[in-house]
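Please open the model in your viewer and keep the selection panel at hand. The stops below say what to select and what is there.

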Amino acid sequence: MLTLLGVAVVVVGFVIRLNPLLVIGAAAFVTGLCAGLPPLAILSALGKAFNDNRYVSLLWLILPLIGLLERHGLQERARMLVGRIRVVTVGRLLLLYFILRQVTASLGLTSLGGHPQMVRPLIAPMAEAAAEKEFGPISDDIRFRVRANAAAVDNVALFFGEDVFIAIGSILLIKGFLQQSGILVQPFELSVWATPTAILALLIHGTRVFLLDRKLKCEATPVSE
Amino acid sequence: MITLQFCYVVAGLAFGGFAVLSAFDRSNPKRFGNTAFWGLLAASFLFGDDLSDWQNGALVIALIVPGGFGLLGCGKPQTTTPEERRAKALQHGNWLFAPALLVPAIALFGTLFLKQLRIDALPLLDARNVTVISLVVGIVVALAVAMLWLRPRRVAPLQEGRRLADMVGWAIILPQLLASLGAIFALSGVGKAVGEIATRYLPLDKPFEAVVVYCVGMAAFTAVMGNAFAAFPVMTAAIGLPLIVHQFHGNPAIMAAIGMLSGFCGTLTTPMAANFNIVPAALLELPDRNGVIKVQLPTAGLMLIANTLLMYALVFRF
């Protein structure tokens, strides 16, 4: 039971908004010490895990490319593209991206999206441009809300789309775990039963995104007066 | 053969470039903090496999110090002005999207087709890590194409990369560090302790109660761990299999599929899922680091209710 103290460190640390790196470092040592591990063993385990997980950080290699393209006007081009299309609103644009992201994820194409590759350089500037086109100059508050919504669409569409594909990591994990417990399921069965949730996610988050237009309109009006 | 090791060297050189350029950036009052941080990260990528485990651990602590105590500043490499960017955007047109889209295209192509490709009996890509290697190859190729086309100064991609990397700052190592914390949790038996609590203190006498505890437990435990993959084996071994499947005769495929998706509801709510929630807030320059989570909370709540009801409606019927 004492090992849960590390979990408490994480929760409290995040709630009082300490720097997450310090929180995680502290949580690792508290958990390890409570489990009776000597400090050097904890240090070694942490180092080994960090080294083994380096592939997690490889995605950052995209930053020089995105930065270079931004230097040559990528975000501005994304804005221009939206400015030309009259029917585009924030809600419609994000709904379209939601559907594209969910459908491609459900075909296993999870790399066709993501925050550094798609949201920051393309989707967020497009959504902002759509808001500016509709409401004129927008307050920072609304600008940040629009950006946060662009990021949220990417997450929700990915999470509730990817499991429809039979060879995604989580499906393989489920299959492997159940197999260890003596239950054989086919990946196809799992992906079939992930489909109702995928549809509900589209309905629920799609509706919220769709209503965003109306909410932004209410809030944007006083600014443009 | 292109291996993961090759990718690590590329990343190490890029981070090393950030470190060197940071040292010369007089616009950043904390420039040596940045140099230390990017330099240590570069060392991890270049020499991590040559270091012993405790040395790597010391390196992690050394990374946490500048990142955790606010010793990082934000460098301001020379870049283009908004006016210049608008002019360039008009000049280059929609071709600007091409290099950005080339990355997923190559990543996809590599994952699907290059897995089997062999040159002199050696596979071109290391098959175990084909997805992430294809992604890195895609980035390198797209960057080469962009350099040949746009012809900026040689150092421009490193400077522009540093501009974005400084903006994300310490959050860059957060996903990797959280994965490491997960390893410590596993080593210390945190999962088992949570499972014991769930089974000992929660009502589980009726099928509906078991479904609710399983789904909500998946979401809550995922929120704590930041990862549904860590929560799934624990919750399923503690509640899913013994109660929903064996005692109440539910369908294991439905239980597992919807259980995992209930966990994803938790992922939407937690700063522990850094790459999905904290990193984008930094990338989009949001003042509130929980800004993305706040937008996601209502969807997460509604989806958890939907998943719970869906599981109850389906799991005992098929």
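Predicted model: local features only at pLDDT ≥ 70, side-chain atom pairs only at ≥ 80, totals over all residues.

Residues are numbered from 1 along each chain as its sequence is written, and chains are lettered from A and ligands numbered from 1 in the order in which they are written.

**The interface.** Select chain B together with chain A: 111 residues of chain B are in contact with 94 residues of chain A, contact being a pair of C-beta atoms, placed from the backbone, within 7 Å. On the chain B side, helix H8 (residues 174-188) supplies the largest share, 13 residues; helices are DSSP runs (H or I, at least four residues) numbered from the N terminus. By class, that side has 82 nonpolar, 23 polar and 6 charged residues, where Ala, Val, Leu, Ile, Met, Phe, Trp, Tyr, Cys and Pro count as nonpolar, Asp, Glu, Lys and Arg as charged, and the others, Gly among them, as polar.

**A helix pair.** Next select H11(B) and H12(B), whose axes (lines fitted to C-alpha atoms over the stretch in contact, with angles from 0 to 180 degrees between N-to-C directions) come within 10 Å and cross at roughly 140°. The two helices are therefore oblique to each other, a class left over once angles under 35 degrees (roughly parallel), over 145 (roughly antiparallel) and 65 to 115 (roughly perpendicular) are set aside. Residues making the contact include B:Phe232 and B:Gly240 of H11(B) and B:Gly259 and B:Gly263 of H12(B), and the contact divides into 10 nonpolar, 6 polar and no charged residues.

**Two loops.** Stay with this pair and select B:His249, in the loop between helix H11 (228-247) and helix H12 (252-267) of chain B; B:His249 has a positive phi of about 60° although it is not a glycine. B:His249 is exposed, with 10 other C-beta atoms within 10 Å (exposed means 12 or fewer such atoms, buried 20 or more, and partly exposed in between, with C-beta atoms placed from the backbone). B:Arg151 is exposed, with 9 other C-beta atoms within 10 Å.

**The core.** Finally, which residues touch the most other members of the largest nonpolar core? Among its 185 residues they are A:Leu94, A:Ala127, B:Ile239 and B:Ala257, a nonpolar core being a set of buried Ala, Val, Leu, Ile, Met, Phe, Trp, Tyr and Cys residues joined through C-beta atoms within 7 Å. Helix H10 (residues 207-225) of chain B gives the most to this core, with 13 residues.

Technical notes. Contact = placed C-beta atoms within 7 Å.
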